[in-house]
Amino acid sequence: MTFSLPPQVNNAIRLLKDNGFEAYCVGGCVRDMVMKKEPHDYDITTSAAPEEMKRVFDGFRVIETGIKHGTLTVLSDGMPLEITTYRVDGEYLDNRHPDTVTFSRELKDDLSRRDFTVNTLCYNEDEGIIDLFGGIEDINNKTIRCVGEPDKRFSEDALRIIRALRFAAVLGFEIEPETAKSILKNKDLLSNIAIERIRDEFTKLICANKVHGLLNEYHAVIEVFLPEIAALRGCEQNTPYHIYDVFEHTLRAVDGIESDKALRLTMLLHDIAKPVCKKTDENGQDHFKGHALVGSGEALNILKRLRYDNKSVDKVCKLIAIHSLPVPNTKAEAKHFLNEHGVENSLDYIKVRFADLSAKANPHCQDERLKRFRGFIDEITAGNECFTLAQLEVNGNDLKEIGITNGKAINRVLSVLLTEVIEESIENKKEALLKRAKEYAKTQ
Ligand code: ATP
Ligand code: MG
């Protein structure tokens, strides 16, 4: 197998080799090239010790990213490359970090500390692929397998548990049975891992193309840091709209929306409050009144605990709060919706509704209404049609000039004018609006 590496990567490898060291690109980038995918970055592993690397890259811009662990970032013709000295990890006493790191001159030492066989491949143009742990065969068989003894590897660094699920989901691979058994056995070790590290892997996991199968099989792992989802399992929904319990519905809804962090999190948590809001009536029918608002509050706690960024938290909570609002049926209703929730949230609301419906008894029952709403939004925004006070052709000062001076009265009049413009009973023209404002003020 030969691959063409970017010249910046090749040059860095060549420079190390010309100075008498070994050097390869390693890990995800080689895995991706074998799978005929474009790598998103290139990591290099080398026999050169950190001080030796610094000498080799004298004259380059070098950032000492993790010098203690042997990692330098070298800017090679504008491309940042992470270059790391062959490493052997010492004992892991806390399920997350090796207590010591020693450098090595042996490639095999470095590869054997890596997590999964598919992540141990190395490549350079002189030697081609180096595959010491059967990584190619596992890629061909679509298998995630620990390097070495799974129990030992997961107890060294429990983050690997969630990484295994992440790679399986993202690559569309199966987890090899011994590795799978060990994941479930060691899942509680995840509580020793910093939540930010779990969050980053979990985010990649839920953004995979299909997550249903994995989250279903390994729900117990997810429940270690997201215990709230346990109550969704077995929470039946005896309503005309549903055929699945809340968990099954949730997983299908996650797969039903595009791979965007906030949208995936929204679907994952959109019905999180259904178990607490569930009421069964005398006919045996279930109702979940208020679950959207209660769920939005629960999601806030969960996402803060997982230390998601504020922007994503706000978006997810907002979308959960509005996810079960009725779809606007007319252009005027669409404008009221836009005024209340903004254009971006309204467009996302449509995506959320489609995904939510895709996981229900009648997946296409609202397609037409949603498409029509989408069409209204396009028309309204393209035509710059008025749906907010800011777009109204009069403002508070204009009203003051015609003698409406009281603050509350100004707000009331503006809001009446906006409603009438939205409902198209009056044009958004200054003269007409002022005339109407005077009439209205007289009736007050
Ligand atoms: P991605 O495409 O997501 O970047 P990747 O395989 O490059 O995938 P990274 O998290 O960037 O994953 O890690 C780079 C490499 O470092 C991995 O391929 C693996 O060899 C090794 N690695 C990363 N984290 C661990 C870990 N916790 N335990 C063992 N090896 C690890
Ligand atoms: Mg990587």
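Author: Let us start with threonine 239, which, leaving aside residues up to four places away in sequence, touches Gln285, Asp286 and Phe288, where contact means heavy atoms within 4.5 Å. The model is a predicted one, in which local features need pLDDT of at least 70 and side-chain atom pairs count only at pLDDT 80 or more, while totals for chains, interfaces and linings use all residues. Residues are numbered from 1 along each chain as its sequence is written, chains are lettered from A and ligands numbered from 1 in the order in which they are written, and side-chain values use heavy atoms, with hydrogens and water left out.

Threonine 239 sits in the loop that lies between helix 11 (219-225) and helix 12; helices here are DSSP runs of H or I with at least four residues, numbered from the N terminus. Is threonine 239 buried or exposed? Its relative accessibility is 12%, and therefore it counts as buried, a word that stands for under 20% relative accessible area, with exposed over 50% and partly exposed in between, using a 1.4 Å probe and protein chains only. A polar atom of the threonine 239 side chain also lies 3.0 Å from the backbone nitrogen of tyrosine 241.

The N-terminal end of helix 13 is capped by aspartate 260, whose side-chain oxygen lies 3.2 Å from the backbone nitrogen of alanine 262.

Elsewhere in the model, polar atoms also face a ligand. Ligand 1 is surrounded by 15 residues, the closest being Arg31, Asp157, Arg160, Arg163 and Arg166, where a residue is counted if one of its heavy atoms lies within 4 Å. Arginine 160 places a polar side-chain atom 2.7 Å from a nitrogen atom of ligand 1, and histidine 40 places a polar side-chain atom 2.9 Å from an oxygen atom of ligand 1. Ligand 1 exposes 590 Å² when taken alone, and the protein buries 80% of that, with accessible areas coming from the Shrake-Rupley method with a 1.4 Å probe.

Methods:
Polar contact = N/O pair within 3.5 Å; in protein donor to acceptor, adjacent residues only side chain to side chain. Helix = DSSP H or I, 4+ residues; strand = E, 2+ residues; numbered from the N terminus.
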